[in-house]
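Keep the viewer open as you read.

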Amino acid sequence: MINTKKKGLATLRRSTLTAITLILFVMVVIAGFISPYFLDMYNLQSLIRDLAFVGMIGIAQSLLLLVGELDLSVGKIASLCGILAGMLMVNGGVDPFLSLGIALILGLVFGLINGLLITKLRLNSMVATIGMSSVYGGINLVLTKGKAITQIPESIYSLGKGNIGPIPIPFLFTLGVLLLVLFLTKKTKTGRYIYAIGNNREAASILGIKVDKIRVMIYAIVGMICALAGILYVARLGSSQSTIGEKWPMMSIASAVIGGVALTGGTGNPAGALVGAAIISVISNVIVLLGVSVYWQSAVSGIVIVLAISFSSLSTIISEKKQKKLG
Amino acid sequence: MKVLEAKKITKLFPGVVALDDVDISIYSGEIHCIIGENGAGKSTLIKCLTGVYKPDAGEITINGKDAGKERSLFRRVAYVPQEINLFGHMTVAENLFLPYEKTGVNGLINQKELNQRALPLLKDFAINVEPEMLVRDIPVSAQQLIQIVRATVCQDYQILMLDEPTTSLTTEDTVLLFDIIRKIKATNKAIVFISHKLEEIFELGEVITVFRNGKRVAHERMPNVDLAWVITKMTGRAMNQDETFYSEKVTDEVLLEVNHVTGACFTDVSFKLRKGEILGFTGLVGAGRSELMQAIFGYLPAYGGSVKLNGKPFKLGETNYSVRHGFIYLPEDRKKMGILPMLSVRENITIPSLSKLTRYFSISRKRESALTEAVISAYNIKTPDAEKKIQFLSGGNQQKVIIGRSMSCDPQVLVFDEPTKGIDVGTKAEIYRLMKKLAEEKGIGIILISSEMEEVMKCANRIIALYHGEIYGEFACGEKKERILSAIIGVQADSKGSYAHD
Ligand SMILES: Nc1ncnc2c1ncn2[C@@H]1O[C@H](COP(=O)(O)OP(=O)(O)OP(=O)(O)O)[C@@H](O)[C@H]1O
Ligand SMILES: [Mg+2]
């Protein structure tokens, strides 16, 4: 009895990803029990559409966490790219899909700027991206004076609002991003270098790895993923708003950490970020369905998120205590 | 008097039996040396005896009482771990007295008082640093000594356990440390001492216990044994101690030409390395040998000078360029600059060869496993399997991974920076033989940085002595030891053909 339990705990600790997926599954079942509306098709679809965005940014963020850095400007890059795409389509009369392509490239450029600043001037990523976040947010305000850009051509709506079969299209994009990121991190040389840098930057440099080049590249990739999330959100709302992505920096970090990506770098699986995002989304969804007062929602979801983050350390603490008792 | 007794200690790690039914007794007023190959289980034993690990079986009694039940007994054991684990961003004084509860620092922390209390300790150990200096700014040898002082600050210890304390020490520091150890012993405390340097064991030891593969294979009083006995017990075979390892195929072809290179810790250094040659660099710790090589390698900045590889200009300041052109540096501090701790042995081995293993953008797992297996068996790396995280390998085996992986980058120049730090005698000879083979068979030029005079004298075709970042002498192999020794302490070699530049 004790033995099997021990084994169970051991597997849990070995693979945070399996454990966290299991937890997600249990949460979904419980949610289905406590609220009959939870498993409703419409509810599930909107939940998945929500989590697609946080998940996508979380996957991007986990790339940075793997090299021991983070980007707090993800939300502002997303909304600025959304605004720019909107202005191109609405005010500039550019073909909607061409505008989206341009916005993606602009996202890449913004990420590149972040990366170059941080590597060339040797800035701390957190402080630098807080600063850049204000810059992108500021440009956004200058361009829009705080007003939303409406009359987005309907031809792009389906990207955000549509479904293929029962599955929301943004979620398919998120899965696509995940597959690409997983290929990059798990299968390629560059991916191995990413883990190496996160493990020991000095050793990586002595091995001849172009540490700074890879860091800049990751910032650029992250910028582009942000732009993708931003324009999909514009398509979902049918208008470009400067408030898009306000919560994404924190949510993406929380998702990645819940999913087992270490803040200190070097370990974890980007897929964990998507599972982490799903956990957060299920929690917020259930809280709404249970009719928790609007004023309490944020506090309650916060508490549950902190609990979820502490999961992996909790399991270690529990097994250590058990060992002491047994010994 | 018997202070500590361990009976039938067994410690298992996933896939390894680190200790197998081990008995050991420690007596006060006696220096007990523990010796064994890399991965034999020495550090694991010490960690069990100090309460860091809990053995899977067996019992430990301290002062006749069961320490498994009464864990406070482990406070009687002061412990200096193998790896330096000080707080780099805190001052020397703060490091000495942490944790404060144990050292009787109560209430608000008064920096001045801490510094005052640290002064006599630093003086006793002749450590030449100020209490208010940050630990990361002081030399490694001083850090090592601080680590030892720290273990002895708490007064009520009866046993002092030192796990390879001399790996980062200079010869003088070692002499000093031995004096201190003898003084501590004279106060009727027990000492447990681990080292791979056999001459230290013979100088210091009174009893010796030998481990092999997690088992205790021999136990004797020191006067009854000799070097051959120790080596045979340790490795299971006899070994010739007088073997030399110079390259016998030094060519006239200049491989690397360094001209007037200047950097932060060295000035105007020029030398030539020939194909198939082993060139030794010796000097005191802090002479600037590592810094010089790291600057040529591109890891540290070089302020001036030029380098040619194979007669062609060699770009300075970019490690990637150096590695691509076959100039490889194997760092001295493997924990800080060598290993990728949380990655597996496989990932650590294949990291420099990924380009060769990649097909259609993705790494071929088959080729990767094949390379991993080849390196593990060629370099005799002891690991339960290739997926083990490298941080759990014994120090010596980590070093073998680092050497092994560099060989798959087609090196032309290999810089070995203290390659046998913390390596057992058997493996040391293996590494020397390997250097010789690489130089002779592949025509690789080898630069060997070492503080161990024996080592350079056994292996190097030529020896350059560095003092305060300047070349103070160049010697052919077979030179008298005294002449080299005087060069490394700053006495310029005379003009009879042994001056640095030609
Ligand atoms: N925390 C750990 N987890 C898993 N395996 C371990 C751990 N610590 C040690 N081992 C394994 O136990 C064996 C003994 O290791 P140990 O560090 O005691 O060797 P050692 O004799 O001190 O070697 P060295 O001279 O290289 O320091 C090795 O095979 C090592 O890989
Ligand atoms: Mg050891």
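The largest cavity holds about 110 Å³ of space. Bear in mind as you look at it that this is a predicted model. Fourteen is the size of the lining set here: of those 14 residues, the ones closest to the cavity's centre are Ile206(A), Leu207(A), Ile328(B), Tyr329(B) and Ser406(B).

How many cavities of 30 Å³ or more does the rule count? The answer is two. The second largest cavity has about 40 Å³ of space, and you can pick out its lining by selecting Leu330(B), Pro331(B), Gln399(B), Ile402(B), Ile403(B), Phe416(B), Asp417(B) and Pro419(B). Helix 15 of chain B turns up again here, giving the largest share of this lining with three residues. Strand 19 (413–417) of chain B, like helix 15, supplies at least two residues of the lining of the second largest cavity. By class, that lining has six nonpolar residues, one polar and one charged.

Now for the interface itself. On the chain B side, 31 residues are in contact with 22 residues of chain A. Putting the two chains together buries about 2,200 Å², and carbon and sulfur atoms give 61% of that area. Within chain B, Tyr299(B), Met342(B) and Ile351(B) lose the most area to chain A, and together they make up 21% of what that side buries.

What about polar interactions? Between chain B and chain A there are nine residue pairs in polar contact, with both residues at pLDDT 80 or more. Several elements of chain B each bring at least two residues to the side that touches chain A: helix 10 (319–324), helix 11 (334–338), helix 12 (345–350), helix 13 (354–357) and strand 18 (362–363). Of these, helix 11 of chain B provides the largest share, four residues. Sorted by class, the side of chain B that touches chain A has 16 nonpolar, seven polar and eight charged residues.

To finish, look for charge pairing. The rule finds two salt bridges across the interface of chain B and chain A. In one salt bridge, the side chains of Arg192(A) and Glu368(B) come together at 2.7 Å, N to O.

Conventions. Residues numbered from 1 in each chain as written. Chains lettered and ligands numbered in written order. Predicted model: local features only at pLDDT ≥ 70, side-chain atom pairs only at ≥ 80, totals over all residues. Heavy atoms only, no water. Contact = heavy atoms within 4.5 Å. Buried area = accessible area lost by both parts, 1.4 Å probe. Salt bridge = Lys/Arg side-chain N within 4 Å of Asp/Glu carboxyl O. Polar contact = N/O pair within 3.5 Å; in protein donor to acceptor, adjacent residues only side chain to side chain. Nonpolar A, V, L, I, M, F, W, Y, C, P; charged D, E, K, R; others polar. 1 Å grid on protein atoms, 1.4 Å probe; cavity = no way out; pocket = protein on both sides within 12 Å on 5 of 7 lines; lining within 4 Å. Points joined across faces, edges and corners; volume = space filled by probe spheres on them.
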